[in-house]
Amino acid sequence: MRFEDLQIQVTQLPGAMPVWHGCVDADQWREACLHVRDAGGRLVALWGTDDTDRGAALCVHVALAWQSRLMVLSLPAAKGSYPDIAAIFPSANRMQRAVHDLLGLRADGAVDQRKWLRHAAWPENTFPLRRDFDDAATCTNGVDAYPFVKVEGEGVHEIPVGPVHAGTIEPGHFRFSVVGEGVLKLEERLGYKHKGIEKRFESMTLAQGARLAGRVSGDSTVAYAWAYAMAVEGVTGITPPPRALWLRALFLERERIGQHLWDLGYMGNDAGLAFGLAQFSRLREDMLRTNAALFGHRYLMDVICPGGVARDVDADGIDRIRHELKEIVKTVVTLRAIYIDHAGLQDRFVDCGRIRQDHAARLGLGGLAGRASGVACDLRAQIPSSPYDELGLNMVVRTGGDVAARATVRADEIVESLRLIERILSNLPSSDILIQTPDAPEYAFGVGWVEGWRGEVLIALETGAANRIRRCHPHDPSWQNWPLLERAVLGNIVPDFPLINKSFNLSYSGQDL
Amino acid sequence: MYQILKQIAITGIKTEAPPTTDESLRVVAQRLKAEVLAHFHGALAIRHVDAGSCNGCELEINALSNPYYNIEGLGIKFVASPRHADMLLVTGPVSRHMETALRRTYEATPDPKLVVALGDCGCTGGIFGESYASCGRVSNVIPVDVAVPGCPPAPYAIMQGILTAIIVAKT
Ligand code: SF4
């Protein structure tokens, strides 16, 4: 098929999601991005590969969501650069800088050319994802200087925070420029957790990669494991048994409920209502214990594997889940009402950390934070793979864009996920739960694309010889949302930052890789 | 307010106070309290450092504060600064980018101090291992008293690790 009238030849990849792939030249690269943006599409991911060992070039790839499908476009960048698309999709900025840090490919014309993932662990002209990179020759730690944007003026001062924070959260650096308590600017510096995940994938077989995929961002292990399995199933041309797919949806919704419960508790706590944390975290612990009892892991790590799932559920298990659902629904409805009626809480939530709908859409805010700012995107509703095509999701969308809206979206999504789980349990097909994965052809390309609790998770996978991974790029929705957090705090006061940050709850590990 | 009080009353006390339901767990919870009281005069202060985890281990550390485990009820408190801490609880393989921050946090913690490395990653480097970007296990960077395996270790295992570290410190 042709991608519109752009003369780009694209072919559909085998797999559970409608993914199309094509090669482009530099002009088509930009034109396609412009076209997708103007048609209301969005940037899902951007990454690079090194094909110089195959007589080809360094290559940059972009995944664009456009009209109920995913377009993956690949641009061989023989001269070591490609046209900037951050001017089209602002969220491409950090992804392009990461591609440069890891592969040495530059975005021509990009305004921001600073490093992003690289601190001091490897030198400027060394690129870890190149084929000729010698992992054994670790580089000595140098001095790390990062050119933060300076805000100057009378009474302006800077507050640097992190990487080690006051609470039990992941490391990152935040630099606030403030006047009094008001935030004039926040600049994030991430990459502290960069531990070479993408390079690590390249030392693994397709089977081994499943475990690593489930540990890119531990709080989204189900979403990643499913996306990875989907990619492997695409390249090997298999479809998991129906029961396995329905169980995957059960796991994904349980992960979503668990994380939402947790965030709601912490948002209450950060606004001074410790009662909320105690209540919500109790419900969550009940779910974790059920997960451990029925599926062998509190967070369901390694329960999804290529070809299906590793654990089934029997009639007693279904009873236990049903019983638990009733308790959760009842309590969440009560707690939701308490949160809404609580003047002190609403005083902190309403109007705090707002992202307006037009900004959200233009700057690419996604996932649950996007849906709280009126960006109606949810793969489960718009491009439903089995079993979501049969489950029929009622997408939750709010337009407030503040902490209150993000709390409401969570509470409503919990109720909706509970409804989905009830449907899953009553319609669970009977079949095997796992089929064998056949050998994969070399140089096959597959994509997995799943709506996790935070947003859309993507896995782009290329096979090597003998069922090995040649390249695997995991993409976390946090890439899109971190820059919007910088915007959300503008005009708020510094003490509100922890609450605003929590209301987004983005992954450091998932974006640092 | 009435709704809050009603919900608290309905929920009741969930903390697994030294129960008869699981003998081994009870011992952990109680002995921990005795050790803490004996050696830290009622307050063990822990500073958590994420040195490069996948964030799975953080989920379980945070779970320690839920009403079932209620770790603060045992006199153990997570503190905001290493200068207030008796113990560092370190997760993850140590990424090269966190190496300096971890060393500095260790140096900022007053002596005598204890270090518990958490999770398969903290113990061995785990699935991430050692690479251009990862130093591997925590003990490659700072001295470690106790290492708790698991991916992630469950909350009771973490409590057990904390207890063991206190005993190591005594000898
Ligand atoms: S031990 Fe497991 S859960 Fe903990 S950081 Fe490592 S991979 Fe994540």
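The largest pocket holds about 1200 Å³ of space. A pocket is an open set of points on a 1 Å grid over the protein atoms alone, where a 1.4 Å probe fits, with protein on both sides within 12 Å along at least five of seven lines; lining residues have an atom within 4 Å of a point. Of its 46 lining residues, the closest to the centre are Gly167(A), Thr168(A), Ile169(A), Tyr266(A) and Asn62(B). The model is predicted: local features need pLDDT of at least 70, side-chain atom pairs count only at pLDDT 80 or more, and totals for chains, interfaces and linings use all residues. Residues are numbered from 1 along each chain as its sequence is written, chains are lettered from A in the order in which they are written, and side-chain values use heavy atoms, with hydrogens and water left out.

The lining divides as follows.

| Class | Residues in the lining of the largest pocket |
|---|---|
| Nonpolar | 24 residues |
| Polar | 14 residues |

Trp116(A) is buried, with a relative accessible area of 0%, where buried means under 20% (1.4 Å probe, protein chains only). Contacts (heavy atoms within 4.5 Å) join Trp116(A) to residues including Arg94(A), Tyr146(A), Glu188(A) and Trp479(A). The side chains of Trp116(A) and Gln511(A) make a polar contact at 3.4 Å, that is, a pair of N or O atoms within 3.5 Å, one able to donate a hydrogen and the other to accept it.

Definitions and conventions:
Grid points are joined across faces, edges and corners, and a volume is the space filled by probe spheres set on the points. Ala, Val, Leu, Ile, Met, Phe, Trp, Tyr, Cys and Pro count as nonpolar, Asp, Glu, Lys and Arg as charged, and the others, Gly among them, as polar. Buried means under 20% relative accessible area, exposed over 50%, partly exposed in between (1.4 Å probe, protein chains only). Lists of a residue's contacts leave out its neighbours within four places in sequence.
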